[in-house]
Amino acid sequence: MHRPSSLAFPLLCVLTLASAGAATAQWTEFRGPVGRGVAPGPVPLAWSETTNVRWKTPIHGRAWSSPVVLASRVWMTTASADGRQLSVIAVDRDSGKIVHDQKLFDVETPQFAHAFNSYASPTPVAEPGRVYVTFGSPGTAALDAATGKVLWQRRDLECNHFRGAGSSPIIFRDLLIMHFDGSDLQYLVALDKRTGKTVWKTQRSVDYGDLDPAGRPKADGDFRKAFATPQIVTVGGQPILISAGSMATYGYDPLTGREIWRVEERTNYSPGMRPIAGHGLVFYTSGWSTGQLLAVRPDGRGDVSATHVAWRMTQGVPKKPSLLLVGDLLFMVNDVGVVTCVEAKTGAPVYKGRVAGEYSASPLLVGDRIYLFNEDGKTTVLETGRTFNVLGENQLDDGFMASPAVADGALFLRTRTHLYRIEAPAAGTVSR
């Protein structure tokens, strides 16, 4: 772990989206309305297949996209196991009944997807009146949230996803922004969310290596691949798009796609998290190989690899689950269940603990509780603070690959086979 001699930075980074405390009824994108996995409480501490389950709805297909909640409906994507049929599903939030089950795209020859991934892993993003879904190169569409009518679609945004798509779209003002980081092409694109037309398209600037005589990249596809979802922060009053690609993480102007800065990590690849910000820093993990957690000052210009990394660490760092920032503390669970808490400003260790199972879903913060969802269907609840303290464990029948959603005191949990609404029978709290 590296630390600078001084960390007296001004508070430069503020998320531009609404605060989580004001968003009690909606969960409109991956990791919630501010993209940080934070929700107002309370939600239940304890549940099982027979306790605190308001409804349980089977979802067909094989898909790891997370649910989003908009008004009276919960939206998610799904796909046939072979990737030939790509669909969107809307479930009534109160009853659990399926309102829309609509095939959007037929794919004659699907790309390869790793067995660990699915053909419907990117999470939708929603706003009043509209839901936007993408499956990566196979297709992107905008839907009327009331009727499910397709308003526009794009099928010409190409790349070889190599292991399958994973990055989720975000909305910024009138733009729908998406990553396409494949083994052949690596770029970002911003579409006019009203029409689907391209507003800007930016190629990644790092050198991924030469092509062979047949036009194929010499570098292994994994070193070009990324699964991460971007984030918007504000630096000095200006919005910055924080975007993690393979081998480098970038700051872009979200209105034009112009690269402002980048931090290169040439030995790391395939990042899968969503960055978060606070204390004048942006926090993100760099993916596989010598995976690292980095804290970066986002006010630089050009290649800031040697100047703007405030601290970094390599032990216990997750490859897939995203991070949680709780006051001055940064919490994470890695892929094999090691829980780590560090000081956000310095990276100084606070504690390490261990929870059961393996993890792909990102953690959730509700009040003073952290919820961790493993691939076997177990949720471990931790108390926030400077000591490792398990408050409870809950088991459902199938495992979690999708991250949770929260709205009005209810958890919406997607397992491999079902969508659950977890809620206490009466409004209020569940005692510890």
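How many cavities of 30 Å³ or more does a search of the whole structure find? There are four of them, in what is a predicted model.

The largest cavity has a volume of about 80 Å³. Its lining is made up of 13 residues, and those nearest the centre are Gly136, His161, Ala165, Ser167 and His179. Strand β13 (residues 175-181) is the top contributor to this lining, giving four residues.

The second largest cavity holds about 60 Å³ of space. Among the residues lining the second largest cavity are Ala244, Gly245, Met247, Val263, Glu265 and Tyr284. Two or more lining residues come from each of β17 (238-245), β18 (248-252) and β21.

By class, the two linings divide as follows.

Now for the backbone. Phe162 is not a glycine, yet has a positive phi of about 70°. You will find Phe162 in the loop between β11 (150-154) and β12 (170-172). Its relative accessible area is 22%, so Phe162 counts as partly exposed.

His279 is also not a glycine, and has a positive phi of about 60°. This residue sits in the loop between β20 (276-278) and β21 (281-285). With a relative accessible area of 19%, His279 is buried, because the cut-off for buried is under 20%.

Notes
Residues numbered from 1 in each chain as written. Predicted model: local features only at pLDDT ≥ 70, side-chain atom pairs only at ≥ 80, totals over all residues. Heavy atoms only, no water. Buried < 20%, exposed > 50% of the residue type's maximum accessible area, 1.4 Å probe, protein only. 1 Å grid on protein atoms, 1.4 Å probe; cavity = no way out; pocket = protein on both sides within 12 Å on 5 of 7 lines; lining within 4 Å. Points joined across faces, edges and corners; volume = space filled by probe spheres on them.
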